[in-house]
Amino acid sequence: MSDNLSAQTIRITGQHGEEIEAYLATPAGEASRGGVVVIHHMPGYDRASKEITRRFAELGYDALCPNLHWREAPGAAPDDAAAAARARGGVPDDRLVGDVDGAVEKLRALPTSNGKVGVIGYCSGGRQSVLVACSLPVDAAVDCYGAFVTGEPPEGMPISGNIVDRLPDLRCPLLGLFGNEDRYPSPEHVDELEQILKANGKDFEFHRYDGAGHGFFAVDREMYRVAAANDGWERIESFFARTLGD
Amino acid sequence: MCTYNTVRTEVDGSAKGPHGKWFHVTDATVYYDHPVHAMAAHTLNIDVADPAGGPSARVALELTATAARALATAIEDALVAVPEDLLT
């Protein structure tokens, strides 16, 4: 681990061969290492998401955060882009998977890649991280309080249901980090996910935090809970060391 | 959680937005979700926008649920107080 790193905005090939923006952070040096795709939350490809991406570089990974709102608002401020994407119905699941696929391929093509790539997402990105792990050949996935992996969305919500039927396809170890005061996902939703993964013989590790609700990693928001976030980062560090190391 | 719900409506009027400029607005989106700036887990968010002017052509509000209801009531009260023949 070193704090000697570099970060830059690049272009990658997303779904249907379309070019999108992405934020790449890489440790200094040529040592072989794993890669991490950071799926940003619904408020966008923002400063906090890029800070997380740089943290993974500090932890020794090549890290890449694709701008999921690029098509709706190329070059716009992250909050404006998130608003524009929302006004047009949000990010479709198939497009998300296609764009993350491009990010995974980009990381594997780096000369420093050891061939292993993990994915992590927060909030809506938590659900998307699990979806990716059920759809693409990634080596590890982290779900930070993603709603509607299990559980039914309230009536009228435009999201296309939970992804329970996809869970048998989960193809890599999954780390889940949840707040016990969260309602979406609630502790019961997490219980259901745990039971399904157990029944399907999946490799998973969950940690649940008292005194924390949704969004506890978000240092710039009221939901930030330092004890849960600090422990969560340690869990992530150990998990990726196990799953993405040489 | 992200609620995913978004209510859209057409609007006709003007807003004062980026760089202190007034612009014509045609669309509004209303949703209850995580704010960018307000100190709350969730807020009622309103974007009044001119999509033809690009993503930055919008005025954004993030209000607590209580404040949003108060604003909605104030808007209704203001309209009710106006003679019908002045309303367009």
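## Exercises on a two-chain model

The buried residues of H4(A) are covered by parts of chain A that include strand S3 (33-39), helix H3 (93-109), S5, S6 and strand S7 (174-179). Keep in mind as you work that this is a predicted model.

**Exercise 1.** Find out how many residues of helix H4 (residues 124-133) of chain A are buried.

*Solution.* Step one: recall the cut-off, since a residue is buried when its relative accessible area is under 20%. Step two: go along the helix, where the buried residues include Ser124(A), Gly125(A), Gly126(A) and Arg127(A) at one end of the list and Val132(A) and Ala133(A) at the other.

**Exercise 2.** Look at strand S6 (residues 140-144) of chain A and explain why it is largely enclosed.

*Solution.* Start with the directions of the residues: Ala140(A), Val142(A) and Cys144(A) point one way from S6(A), while Ala141(A) and Asp143(A) point the other way. Next, check burial on each side, and you find that all of them are buried. Because five of the five residues are buried, the strand is largely enclosed by the rest of the structure. Finally, look at a strand beside S6(A): strand S5 (residues 113-122) of chain A runs parallel and is joined to S6(A) by five bridges. In one pairing to find on screen, Tyr122(A) has Cys144(A) as its bridge partner.

**Exercise 3.** Locate His34(B) and decide whether this residue is buried or exposed.

*Solution.* First, find the place: His34(B) lies in the loop between strand S2 (22-33) and strand S3 (43-49) of chain B. Second, compare its relative accessible area of 8% with the cut-off of under 20% for buried residues. His34(B) is therefore buried. Third, follow the side chain of His34(B), which reaches the backbone oxygen of Ala41(B) at 2.9 Å.

**Exercise 4.** Describe how chain B and chain A meet.

*Solution.* Begin with the residues: 20 from chain B are in contact with 28 from chain A. Then take the area: the two chains bury about 2,100 Å² between them, and 62% of that is on carbon and sulfur atoms. Now turn to specific links. There are three salt bridges between the chains, and one salt bridge joins the side chains of Arg58(B) and Asp80(A) (2.5 Å, N to O). Seven residue pairs are in polar contact across the chains, both residues being at pLDDT 80 or more. On the side of chain B that touches chain A, S2(B) gives the most, with three residues. To finish, sort the residues on that side of chain B: ten are nonpolar, six polar and four charged.

How values were computed:
Residues are numbered from 1 along each chain as its sequence is written. Chains are lettered from A and ligands numbered from 1 in the order in which they are written. This is a predicted model: local features need pLDDT of at least 70, side-chain atom pairs count only at pLDDT 80 or more; totals for chains, interfaces and linings use all residues. Side-chain values use heavy atoms; hydrogens and water are left out. Helices (H or I, at least four residues) and strands (E, at least two) are DSSP runs, numbered from the N terminus. Buried means under 20% relative accessible area, exposed over 50%, partly exposed in between (1.4 Å probe, protein chains only). A polar contact is a pair of N or O atoms within 3.5 Å; within protein, one must be able to donate a hydrogen and the other to accept it, and residues adjacent in sequence count only if both atoms are side-chain atoms. Contact means heavy atoms within 4.5 Å. Buried area is the accessible area (1.4 Å probe) that two parts lose on being put together, summed over both. A salt bridge is a side-chain nitrogen of Lys or Arg within 4 Å of a carboxyl oxygen of Asp or Glu. Ala, Val, Leu, Ile, Met, Phe, Trp, Tyr, Cys and Pro count as nonpolar, Asp, Glu, Lys and Arg as charged, and the others, Gly among them, as polar. Two strands pair if DSSP finds at least two bridges between them.
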